[in-house]
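Here is a short briefing for a first look. Keep the sequence and the model open as you read.

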Amino acid sequence: MNDFLRRMLFLPEQASTFARDLDRLHFFVILTTFVMSFLVGTTAILFFVRFRRRSETQTTPHIEPPMWLEALFVTIPLSFFLLWFFVGFNEFVRQQTPPADAMDVYVMGKKWMWKFAYPDGPNAINVLRVPAGRNVRLLMTSRDVIHSFYVPEFRIKKDVLPGRYTDQWFNAVAPGRFQILCAEYCGAGHSVMRGEVIVMKPEEYETWLALQKRGALASRQDGSPTEIEGTPALGNLVEQGKRVAAEKGCLKCHSIDGTRHIGPTWLDLYHRRERLTTGAFIDADEAYLTRSMMDPAAEIVDGYQPVMPGYEGKLTAPETSALVEYIKSLQSDAVRTGPSEGPSYAPLRNN
Amino acid sequence: MRLSETTDSLAGAPPLETLNYLTDGTTVMSWVNTRDHKRVGVMFLAAVLVAFFLGGLFALTLRMKLLQPGPFLMDALSYNRLFTLHGVVMIFLFLIPAIPGAFGNFMVPLMIGARDVAFPRLNLASFYLYLLGAAIAIWGMVHGGADTGWTFYTPYSSTTPTQVLPILLGVFVLGFSSILTGLNFIVTVHTLRAPGLNWMRMPLFVWGIYGTSIIQVLATPVLGITVLIVAVERFAGFGMFDPARGGDPVLYQHMFWFYSHPAVYIMVLPAMGVISETVCTFSRKNPFGYRAIALSSLGIAFVGFFTWGHHLFVAGQSTFDAGAFGLLSMLVGIFTAIKVFNWVGTMYRGAIKFTTPFAYICGFLYFIVFGGMTGIALATTSLDIHWHDTYFVVAHFHFIMVGASVMAFLAALHYWFPKMFGKTYSEGWGLVAAALIILGFNATFVPQFLLGNYGMPRRYYQYPDHFQALNVASTAGSTLLGFGFLIILIYLVIALRWGARCTQNPWGSKGFEWLSASPPPTHNFDEIPTITQMPHDYRTHEPPGVIRVS
């Protein structure tokens with residue numbers, strides 16, 4: 001029954017301990033709404049059929065409702081509304097009160113990414129790793145405007161405000177991956193300010209955390225995926241760059257397939273002649289690409305907003321070169337070298 | 001008990017040679033300088049219809065973009081500007097002034113047996129303020145356009161590089177227009193009622209407008225102050241709402257919703273008034289529970305002021321506040337429920353005729369029950385957490401704003417069209433358009449409820465792929481809705497130009513506005529009528545066109 005109604009109403013999976021209780025109230029409320037609309041609608045139709053106008057000179061009696069009927073009109077809906085309210089508020093208080101044993105994760109929202117920091121040391125961008133079955137409290141703040149931390153599958157949402165902390169707790173029931181969405185309008189990148197919660201088995205989480213703490217990968221901002229997730233170890237520079245781009249959130253704004261996004265696409269970017277907002281033209285060589293990471297606002301490509309944060313101090317030198325190599329590898333005609341001979345055709349991209 | 005000779009002298013259609021308010025002076029100056037409440041009403045009607053057309057175009061463009069999850073048709077900044085424009089135009093230029101400005105101005109003096117509103121010049125001034133505010137806001141939109149959403153949440157609105165100031169200034173000026181309209185109605189209702197028209201005989205539409213006016217006068221100044229502070233914050237670095245300068249962004253939300261929640265009732269109370277009138281006329285029946293309907297308007301106006309906090313359940317207000325505001329929100333629902341039951345009760349033992357306005361009444365009843373109850377569901381604190389700022393909220397308030405207010409606006413437009421212009425429109429096309437609109441509306445917004453359940457946040461330029469099917473369904477519905485409005489536009493323009501001359505009281509209504517000729521002469525009544533009974537008393541039969549108020 002629960003699953004049937006959930007699917008009928010397009011509710012997402014119930015992945016936190018809140019979800020099931022909330023959905024139960026949801027079903028009750030929506031069903032009473034349907035029944036109420038149905039009753040009102042049917043009564044109106046019945047009256048319409050029964051009391052159709054039979055002649056244009058028809059008269060009707062003057063009817064005043066008795067007091068008890070008006071009282072009924074008030075008490076029936078009011079008792080339903082109050083019932084909803086008290087059941088709901090009870091749940092609301094539970095949701096707003098983090099248990100004392102909860103583990104803390106600090107969350108910082110900024111245009112347009114989520115940053116997570118664990119009291120034990122490691123931190124991550126856009127990827128929040130938590131163990132299943134444990135109470136987690138998020139302590140959240142924003143660096144610029146108001147954002148809102150929303151995970152539909154957990155049925156949790158809380159605004160993330162600049163200048164103060166808000167908190168939100170949850171307990172994820174089983175391992176899985178769930179999307180984090182920003183629910184408070186925050187500008188051009190609002191709809192792509194998305195992250196991911198990875199719920200891990202508790203022992204996997206401990207392993208991952210231990211690895212992070214050991215400092216084996218301390219230079220990396222994002223905790224690297226665990227072995228269990230089957231990510232290959234360090235590859236060549238291009239592969240590393242690809243991973244860095246994903247981990248640092250570059251691909252939130254830059255596409256690699258030629259489509260226009262918040263920032264310019266990386267496809268064929270290397271050695272592209274770009275027109276800047278100043279009107280000058282520039283060759284997108286290694287130097288320009290590096291400058292654009294460290295101080296993006298200095299040379300903005302015409303037609304884009306100066307919205308990219310600077311990565312000075314946030315990217316290590318190897319990461320920067322890996323990114324540059326990755327961008328260089330993104331050529332739609334990567335196989336062709338040297339000047340073309342004879343008639344040329346638009347090359348098909350092979351993927 | 002005979003009322004007065006006046007009524008009898010108005011019996012039957014007045015001779016065509018009699019000057020009515022439309023033919024009494026046909027120069028442009030005679031309109032621009034008019035102090036006639038009916039002409040001001042007609043000018044408001046024309047202006048809000050233009051605004052509605054613009055806002056509708058913006059909405060359709062937005063829906064077109066949402067056919068695709070990725071970038072499509074426009075970039076993110078244009079999308080954000082467009083939904084801001086849609087909201088600002090629909091709320092401040094259409095919904096708030098629509099029914100009070102157009103039909104309230106026209107009907108209230110006629111219904112209470114007055115020759116005009118209490119302050120005719122102020123009335124005209126409020127129209128010009130509306131035009132000024134609209135001009136400033138639209139200039140701002142053309143000249144860059146804000147991307148803040150109609151809610152102007154700080155600190156986004158105080159830091160975005162787009163042009164927010166002109167729109168804030170426009171909203172500020174529009175607020176004054178709204179205050180003056182409200183003030184005028186309050187004084188009019190208190191001082192200009194015809195002899196015998198005591199409060200418990202007043203038409204229910206007048207009750208609705210009266211309740212609205214109280215909110216307009218009391219709440220709108222707060223909006224004025226709020227947008228002014230945001231404006232000062234932008235150009236002078238005031239810092240009241242900006243935490244970087246020691247301010248509090250949530251304070252803005254409290255102040256904004258202190259106006260904007262009651263503003264929902266500014267938009268919906270007049271609509272309820274329209275339904276109270278039309279449901280009586282087309283059921284040919286006295287209002288069931290007149291007192292309950294009348295007083296619940298005041299109840300909504302009063303309690304509506306104490307529910308603003310239900311917009312802040314996830315915004316970081318205290319849990320206690322959330323509980324208090326949630327509980328108070330339940331009470332507002334009760335007043336609406338009383339009205340709904342009494343409207344349905346009015347049909348009991350009536351003589352119902354299914355006409356175009358009645359089709360909109362049916363639509364209204366269904367939409368307000370579903371829209372209202374989903375509103376109560378949203379005020380159920382814990383459920384709001386999942387739904388807050390998702391398409392569920394979007395669907396809910398479109399059910400109230402379009403499903404209730406616009407349906408009532410259309411019912412009023414069709415019901416009073418003969419009264420205002422003395423012409424009849426095509427009933428057949430009227431029903432076709434009504435069917436299209438009600439169907440199209442459901443097809444547009446029911447998928448949005450489901451999208452909200454599914455977890456799609458509002459104001460999303462791009463969205464995850466799994467939301468696409470429901471978005472496509474919603475866009476398909478919106479085109480039906482658009483066609484419906486287009487049909488109305490066409491047949492009403494035709495009716496205005498070539499429509500048949502109607503009788504003085506084509507619906508056989510016993511509402512007091514039909515005491516005067518249709519269209520009424522400039523001075524409304526040769527002699528002020530004396531009211532000796534309740535409106536919509538259908539115990540006696542009179543031939544259409546004659547109302548014997550005795």
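In which sense do strand β6 and strand β9 of chain A pair, and over how many bridges? Strand β6 (residues 147-151) and strand β9 (residues 176-182) of chain A pair in the antiparallel sense, over two bridges.

This is a predicted model, in which local features need pLDDT of at least 70 and side-chain atom pairs count only at pLDDT 80 or more, while totals for chains, interfaces and linings use all residues. Residues are numbered from 1 along each chain as its sequence is written, and chains are lettered from A and ligands numbered from 1 in the order in which they are written.

**Sheet in chain A**

- Five strands of chain A form an open sheet, ordered β4-β10-β9-β6-β7, with mixed pairing.
- Strands are DSSP runs of E with at least two residues, helices are runs of H or I with at least four, and both are numbered from the N terminus.
- Two strands pair if DSSP finds at least two bridges between them.
- The edge strands of chain A are β4 (127-131) and β7 (156-160), each of which pairs on one side only.
- From one strand to the next, the twist averages 20°.
- Tyr150(A) has Leu181(A), in β9(A), as its bridge partner.
- Helix α4 (residues 202-214) of chain A lies across β4 and β10 (195-200) of chain A, and runs at about 125° to β4(A).
- Axes are lines fitted to C-alpha atoms, for helices over the stretch in contact, and angles run from 0 to 180 degrees between N-to-C directions.

**A helix pair in chain B**

- Helix α12 (residues 356-379) and helix α15 (residues 427-454) of chain B pack at about 15°, with axes 9 Å apart.
- α12(B) and α15(B) are therefore roughly parallel (angles under 35 degrees; over 145 is roughly antiparallel, 65 to 115 roughly perpendicular, the rest oblique).
- Residues meeting here include Ala359(B) and Gly363(B) of α12(B), and Leu431(B) and Ile438(B) of α15(B).
- The residues of this contact divide into five nonpolar, three polar and one charged.
- Ala, Val, Leu, Ile, Met, Phe, Trp, Tyr, Cys and Pro count as nonpolar, Asp, Glu, Lys and Arg as charged, and the others, Gly among them, as polar.

**Where the chains meet**

- 79 residues of chain B are in contact with 75 residues of chain A (C-beta atoms, placed from the backbone, within 7 Å).
- α11(B) gives the largest share of chain B's side, 15 residues.
- That side of chain B divides into 45 nonpolar, 26 polar and eight charged residues.

How values were computed:
Contact = placed C-beta atoms within 7 Å.
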